[in-house]
Structure formats: structure tokens, C-alpha cells
Amino acid sequence: MSSSVQPMRVKAAYHRIVDNFQPVFLVSLAAASLVALMRLGTEELTSLVRELQPVHLFFIGFLPAAAVIFYLMRRPCTVYLTDYACFHSSFNHPLARIPMASFVEHNKKTPSMNERSVRFISRLLERSGLGEETCLPAAHNFVPTHEYCTLDNARAEFELVVFSAIDDLLAKTGIAPDAIGILVVNCSLFCPTPSLVDMIIHKYNLRGDIRSMNLSGMGCSAGLISVGLARNLLQVAPRGSHALVVSTETITPNYYVGNERAMLLPNCLFRVGGAAALLSTSPVNARFRLKHLVRTHTGAGNDSAYRCVFQEEDDEGNVGINLSKDLMVIAGKSLEANITRIGPLVLPLREQLQFALSLVARKVFRARTKPYIPNFSKAFKHFCIHAGGRAVIDELQKSLSLSDEQVEASRMTLHRFGNTSSSSLWYELAYMEAKGRMRKGDRVWMIGFGSGFKCNSAAWECIEPAPNADGPWATSIHRYPVVIPDVLKH
Ligand SMILES: CC(C)(COP(=O)(O)OP(=O)(O)OC[C@H]1O[C@@H](n2cnc3c(N)ncnc32)[C@H](O)[C@@H]1OP(=O)(O)O)[C@@H](O)C(=O)NCCC(=O)NCCSC(=O)CC(=O)O
């Protein structure tokens with residue numbers, strides 16, 4: 001056996017023990033009792049058996065059986081990711097890539113935007129980490145753009161993005177639409193009536209008894225909230241049920257036309273994108289197993305966290321999303337809150353101890369030591385960090401001490417697709433799969449951030465990597481990773 005295989009086996013065994021602590025403990029206890037009984041001499045054993053009353057025998061048989069039944073009944077059933085699909089544009093569609101230069105030109109033609117704002121936009125675009133192939137809504141092909149940001153066009157954008165992703169998913173999985181019993185959709189800023197779930201149910205003729213949920217206003221971390229919600233519903237639905245989760249942001253109605261810098265930033269970062277994922281309690285054809293999902297909210301009583309991604313009107317009455325300059329610091333703190341909860345579930349014991357000691361030293365004894373950053377590479381092979389912006393990825397890379405390769409999927413997703421809000425994590429997973437880096441048994445950590453302020457994370461284990469690079473990266477993976485140069489300030 002090679003020297004590298006041994007530690008991997010030990011690690012896999014460790015994960016199995018931690019994941020199945022209760023049964024491992026009970027089986028060990030039973031084995032220890034059996035060994036103790038066998039150590040008794042035959043005479044001692046016979047006299048012990050003779051002394052047993054019927055009531056003892058009843059409890060000896062009944063209690064272990066009751067414990068096993070209780071354990072099996074209480075154990076939530078495992079939820080699997082059957083597959084996922086992401087929207088990607090084809091160049092012959094009106095919703096196509098819009099070069100940065102055209103975007104800046106079109107901004108110039110927006111009467112309410114002044115020259116200073118246009119200069120700011122063009123400066124930010126150079127430094128944003130976004131490439132030339134990201135996708136804007138069809139309205140951005142027209143001038144003045146804001147006049148085309150209508151409700152009809154917003155619906156058309158949603159339909160194009162989401163229906164394409166769902167079509168792809170249904171084709172990949174071969175699942176019939178009427179086998180879908182649960183539907184969860186999250187889209188933060190576009191919330192029409194009838195709702196987005198109604199649009200999907202109508203289009204795909206889904207079941208009349210479908211349990212459907214429409215999440216809006218939940219920000220970029222809502223994708224994992226949807227996964228968590230679908231998981232909870234699946235665990236109380238009949239075994240083998242299927243849940244469709246759709247994560248997207250509709251850009252059309254959110255074009256900000258004022259001159260507030262903090263509100264111009266989203267125009268530069270957010271791009272069209274969406275993903276559809278099929279979850280099930282059936283392991284048949286499953287590609288990933290959902291191991292953990294941890295949600296943390298740091299907005300309670302905390303004004304700066306609550307307001308750091310805030311939809312509002314500027315002084316001229318133009319509606320937009322105000323992104324605070326404090327966002328990176330707040331994201332760092334909310335990440336800390338999240339890793340405090342997910343760490344014990346996934347980290348090896350040694351890392352947990354070091355993290356706990358550092359936390360106690362700082363919180364209880366007010367020691368001025370640096371927080372200990374657990375080595376999450378010991379728990380995960382792949383990292384999907386929300387591609388919120390270059391500075392957000394920088395902050396997370398620093399906070400988690402990750403290598404350039406570990407944040408490559410996030411940076412490349414930002415470059416190729418922009419900030420696609422809650423769906424960005426799926427584009428990142430697709431990147432790793434398209435690169436052929438995913439292996440059976442690999443663990444993946446998805447970390448989403450968003451308004452509120454929330455940090456949600458999910459741990460997956462790969463069962464079956466993608467058979468090919470089909471998907472959002474099909475036409476561009478050979479060009480990635482690209483070097484993203486540091487642009488000097490001017
Ligand atoms: C936009 C950037 C790429 C710019 O990078 P730079 O290296 O140029 O950094 P920088 O900080 O010097 O910024 C350049 C100029 O932009 C200005 N600037 C930057 N951030 C600003 C903000 N929030 N409000 C107002 N101005 C801002 C700076 O003052 C500076 O202006 P001057 O040069 O004049 O001094 C980066 O700052 C970035 O990635 N920011 C994070 C974006 C973000 O918040 N993403 C999360 C989206 S929300 C999300 O994804 C979740 C959700 O919606 O729920």
C-alpha cells in the first residue's frame with residue numbers, strides 16, 4: 001500500500017466514525033459488555049444466568065431493540081444531490097455577452113447618470129475581476145437602457161435563465177416533471193405576481209399537490225437557505241421524493257440610474273445567471289451527498305450588518321442596492337460565526353481543540369491573541385466561495401488561509417460569469433467538475449454570503465463526479481484559469 005493511501009484511509013475512517021458517532025458508541029458499548037461477560041468463568045456465567053428473573057430477560061432484549069428502533073426513527077434520512085444545471089448564454093441569443101465598452105457607452109446615454117459616475121463605473125469595471133464574457137439582460141442592448149427595464153422584460157429574463165437551467169436538469173436526470181414533489185425558488189430582488197414558483201409550475205405542468213416556496217429579499221446566500229429548506233421538507237416527505245431548487249437573480253429591474261457610488265457598484269458586479277438543482281432522499285443516480293448545512297445570521301441588533309446590503313432610494317428617488325464599504329469586515333465576522341458552528345461538525349479533533357482554546361482565550365479571558373484559523377483543507381478538498389466581488393474573495397482567502405488554487409473556482413467564476421448572486425456557488429462547483437478535479441469521496445464546502453447579514457454554508461461529499469465538462473463551462477474551460485492582473489489605481 002502506498003504511503004499516500006494510508007493517511008487517506010485513516011482520514012476516511014475518522015470521518016465515518018465522527019459522522020456515525022451514536023451507533024459507533026453503542027456498538028462499542030455492546031462489544032465491551034460482551035467481552036466482559038466472556039471473561040467470566042463458565043460457573044460464574046451459569047449462576048448469573050440462573051439468577052436472572054423474567055423481568056431482567058425482558059429488559060435485556062427490549063432495551064437494546066428499543067434503542068435501535070428509536071435511533072432508526074429519529075435519524076433524519078440522508079439527502080442527495082441528484083444533479084444540477086446552470087444557465088449559460090449562447091451568442092446568438094439577444095441576452096448575450098455585452099462588452100464592457102458597450103456597457104459604459106450605454107451608461108453614458110442614461111440621462112440621469114453624470115460623467116463622474118460613468119468614469120467611476122469604467123474604473124471599477126477594470127478592477128472588478130470580471131471578464132468580457134459576462135452576461136447582461138437584453139435591455140442592455142438598447143439605449144436608453146432603463147426604458148427597456150420593464151416588468152415584461154424582467155419576466156422574459158427569468159424565464160430564459162430558469163427554464164433553460166431546468167430543461168437542462170430534466171434532460172440530464174431523466175426525471176419526469178410530475179415526480180417533483182417540492183419546489184423552492186429564491187430570487188432576491190424580483191418578486192412578481194403570480195410568483196416565480198407559479199411561473200415554473202405553470203410552464204412544467206407540475207403536480208397540483210406540490211409544496212412550493214418562493215423566497216425573496218434573502219440576498220446572495222439564499223441558495224443554501226433553499227437547499228436547507230428543501231432538505232427539511234424532503235426529510236418529512238415519503239422516502240425517494242424529489243425537490244427542485246432554483247436559485248437566481250433577475251437583473252433587469254435592478255438597473256440603478258443614479259449617481260450614488262455605493263449604489264453604482266451592483267451595476268458593475270451583478271450579472272445574469274441561475275441554477276437548478278435536484279435533491280432527493282433516493283440515492284439512485286445521486287452525485288453528491290449533503291453532509292451538513294449551517295446557517296448563521298449576524299444582523300440581530302447589529303445595524304451595520306443589517307444595513308450593509310440595503311435596497312433604498314437615493315436623494316433623487318432612484319432605487320438601488322447600497323453596498324457598504326464595511327461589507328468585507330462584516331463578511332469576515334459572519335464567516336467566523338459560521339465556522340464556529342460548522343467547524344465541530346467537520347474538522348479533525350486536533351483542529352477543533354486549537355480553535356476552541358483560541359476562542360475561549362479571546363472571548364472568556366479577553367486575551368489579545370489572533371483568532372486561530374482552523375485548517376479547513378483537512379476537512380474539505382474543494383471550496384466554493386460566493387463570487388461576490390474581488391475584495392470579497394480576497395477577504396475570505398485571507399480569513400481561511402486558502403491557497404490561490406483553493407479560491408480559483410471563485411475567481412474564475414467571477415471572471416467568466418460575474419456575481420450571479422445565489423447561483424454563483426453552482427457555477428463554481430461546475431468549474432471544478434469541468435476541470436476534472438472532482439473525485440469520488442471528495443468533500444466540498446460551499447460558503448454563501450448575503451444581505452441580512454447572513455453566512456450560510458454547506459458540506460457535500462461527492463458520490464459520482466460529472467462524466468464530462470458539459471454545462472456552463474463547456475465552451476470556455478480550456479481557457480481557464482486566466483491571470484487576473486492587478487490594475488493600478490488611476
Ligand atoms: C469594487 C472593487 C472590485 C474595487 O476594487 P479596488 O481594488 O479598486 O478597491 P477600492 O476599495 O480601492 O475601490 C475603488 C474605488 O471604489 C470606491 N468604492 C469601493 N467600494 C465602495 C462602496 N461600497 N461604496 C462606495 N464606493 C466604493 C472606493 O472608494 C474607491 O474610490 P476612490 O478610488 O475614488 O477612492 C472592490 O472594492 C470589491 O470587490 N468590493 C466588494 C464588492 C461587494 O460589496 N460585493 C458584494 C456584493 S453583495 C452580494 O454579493 C451579496 C448580496 O447581495 O446579498
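Biologist: Is the crossing of helix 5 and helix 6 left-handed or right-handed?

Modeller: First, this is a predicted model: local features need pLDDT of at least 70, side-chain atom pairs count only at pLDDT 80 or more, and totals for chains, interfaces and linings use all residues. Residues are numbered from 1 along each chain as its sequence is written, and side-chain values use heavy atoms, without hydrogens and water. A crossing is right-handed if the near helix is turned clockwise from the far one by less than a right angle, left-handed if anticlockwise. Helix 5 and helix 6 cross right-handed. The contact (heavy atoms within 4.5 Å) joins M100, F103, V104, N107 and K108 of helix 5 to V118, I121, S122 and L125 of helix 6.

Biologist: At what angle do helix 15 and helix 16 pack?

Modeller: Angles run from 0 to 180 degrees between N-to-C directions, with axes fitted to C-alpha atoms over the stretch in contact. Helix 15 (residues 408-417) and helix 16 (residues 424-434) pack at about 115 degrees, axes 9 Å apart. They are therefore roughly perpendicular (65 to 115 degrees). Helix 15 passes helix 16 in a right-handed crossing.

Biologist: Which residues line the largest cavity?

Modeller: Rolling a probe the size of a water molecule over the atoms shows where empty space is left. A cavity is a set of points on a 1 Å grid over the protein atoms alone where a 1.4 Å probe fits but cannot get out; lining residues have an atom within 4 Å of a point. F87, H88, S89, E133, T134, C135, V272, G273, R416, F417 and Y427 line the largest cavity. Its volume is about 60 Å³, the space filled by probe spheres set on the points.

Conventions: 1 Å grid on protein atoms, 1.4 Å probe; cavity = no way out; pocket = protein on both sides within 12 Å on 5 of 7 lines; lining within 4 Å. Helix = DSSP H or I, 4+ residues; strand = E, 2+ residues; numbered from the N terminus. Parallel < 35°, antiparallel > 145°, perpendicular 65-115°, else oblique.
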